[in-house]
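Colleague: I would like to learn how to read a model of this kind, feature by feature. Could we take it one element at a time?

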Amino acid sequence: MRIVTVCGVGIGTSAILKTNAERALDRLMLEADVTASDVDGVAAAARDAQVVLTSPELVDRVRAATAGLHAEIVVVQNYFDVDEIASVLESSIG
Amino acid sequence: MPLPPLPDSAIAIAVDADDWRAAVHAAGSALAASGATTDAYADRMVDVIEEYGAYVVVAPGLALAHARPGPEVLAEGISVVTLAHPVAFGHAHNDPVQVVVGLAVRTAEGHVASVAELANVFNDDAVVASIARATAPGEIRALLGAPSAGDAGGGAA
């Protein structure tokens, strides 16, 4: 399974989301390869991904960029809330 | 991997910012003062928010201001600015912002481990309020677990 985390420029926030998504996956005892990406690169990064995690502000751009791909786009409000990330991941892939 | 050094010059406490741009500029000034970036980096961080919106407000009260790696970045660095008055960035859930962390990285690849360290710190949801209340740079360094010294490598400190 592949998960892509997206922020505007692909540094910083997407890296935090990647770190906390990995933590959430551990908690759910799920295995996945998590990659950080920027909005411009998400179409390539998400080509073989099942889930794309991003923020409410970026979700429209991410949806537009990944139109036609199979990945489910999932919104995370608080990037530091591992409970929230675990809960959205569980409902999309668990 | 530890956080980059957080010298006193990279910390500004109880800054009076009128709006989010001023708050981001304060984080940029602190990065420049520590030698991590040139002055122009602050404008790059504002550009990112203007282009993509307030997604940099990654948790309640906390903005992680950053821009792409580029010539404005002289060394990996972070800065911390606490605001005298909370400022709205335009985020639907995490406004208003009390603490702005500025982040400068030289390459998109090399930074993940140090940013992961920030994730470790801020996963404790009481930390933002504790940083906002801090009255001395040493308190903020202790809360973040950041080293104080170390030449940022960018020249003027």
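**Reading the sheet, the helices and the interface**

Modeller: We can start with a strand pair in chain B: strand 4 (residues 77-87) and strand 5 (residues 97-104) run antiparallel and are joined by 7 bridges. Keep in mind throughout that this is a predicted model.

Colleague: In which sense do strand 1 and strand 4 of chain B pair?

Modeller: They pair in the parallel sense, over 3 bridges. Within strand 4 of chain B, Val80(B) is the residue that stands opposite Ile11(B).

Colleague: How should I think about the two faces of a sheet?

Modeller: In a regular strand, side chains alternate between the two faces of the sheet. For strand 4 of chain B, 8 of the 11 residues are buried, and the strand is mostly covered.

Colleague: Why does Ile140(B) count as buried?

Modeller: Because its relative accessibility is 0%, and the cut-off for buried is under 20%. Leaving aside neighbours within four places in sequence, Ile140(B) is in contact with Leu6(B), Ile11(B), Ile13(B), Val80(B), Thr82(B), Ile131(B) and Ala134(B). Two of these have come up already: Ile11(B), which stands opposite Val80(B).

Colleague: Is Asp16(B) buried or exposed?

Modeller: Asp16(B) is exposed, because its relative accessible area is 57% and exposed means over 50%. Its place is the loop between strand 1 and helix 1 (20-33) of chain B. Apart from neighbours within four places in sequence, Asp16(B) is in contact with Ala84(B) and His85(B). The C-alpha atoms of Asp16(B) and Ala84(B) are separated by 5.3 Å, although the two are 68 residues apart along the chain.

Colleague: Let us turn to helices. How do I read which side of one is covered?

Modeller: An α-helix has 3.6 residues a turn, so residues three or four places apart point the same way. In helix 4 (residues 82-93) of chain A, the buried residues are Val82(A), Glu84(A), Ile85(A), Ala86(A), Val88(A), Leu89(A) and Ile93(A). Their cover includes strand 1 (2-7), helix 1 (13-28), strand 3 (51-54) and strand 4 (72-75) of chain A.

Colleague: How many residues does helix 4 of chain A have, and what caps its N-terminal end?

Modeller: Helix 4 of chain A has 12 residues and reaches 16 Å from first C-alpha to last, close to the 16 Å expected. The cap is Asp81(A), with a side-chain oxygen 3.1 Å from the backbone nitrogen of Asp83(A).

Colleague: What does Arg2(A) do with its polar atoms?

Modeller: Arg2(A) is found in strand 1 of chain A, and it counts as buried because its relative accessible area is 19%. A polar atom of its side chain lies 2.4 Å from the backbone oxygen of Ala45(A). The side chains of Arg2(A) and Asp48(A) are joined by a polar contact of 3.0 Å.

Colleague: Last, how many residues are in contact between chain B and chain A?

Modeller: 32 residues of chain B are in contact with 24 residues of chain A. The area buried between the chains is about 2,200 Å², with 63% given by carbon and sulfur atoms. In chain B, Tyr52(B), Tyr55(B) and Val58(B) lose the most area to chain A, together 29% of what that side buries.

Key. Residues are numbered from 1 along each chain as its sequence is written. Chains are lettered from A and ligands numbered from 1 in the order in which they are written. This is a predicted model: local features need pLDDT of at least 70, side-chain atom pairs count only at pLDDT 80 or more; totals for chains, interfaces and linings use all residues. Side-chain values use heavy atoms; hydrogens and water are left out. Helices (H or I, at least four residues) and strands (E, at least two) are DSSP runs, numbered from the N terminus. The expected span of a helix is 1.5 Å times one less than its number of residues. Buried means under 20% relative accessible area, exposed over 50%, partly exposed in between (1.4 Å probe, protein chains only). Contact means heavy atoms within 4.5 Å. A polar contact is a pair of N or O atoms within 3.5 Å; within protein, one must be able to donate a hydrogen and the other to accept it, and residues adjacent in sequence count only if both atoms are side-chain atoms. Two strands pair if DSSP finds at least two bridges between them. Buried area is the accessible area (1.4 Å probe) that two parts lose on being put together, summed over both.
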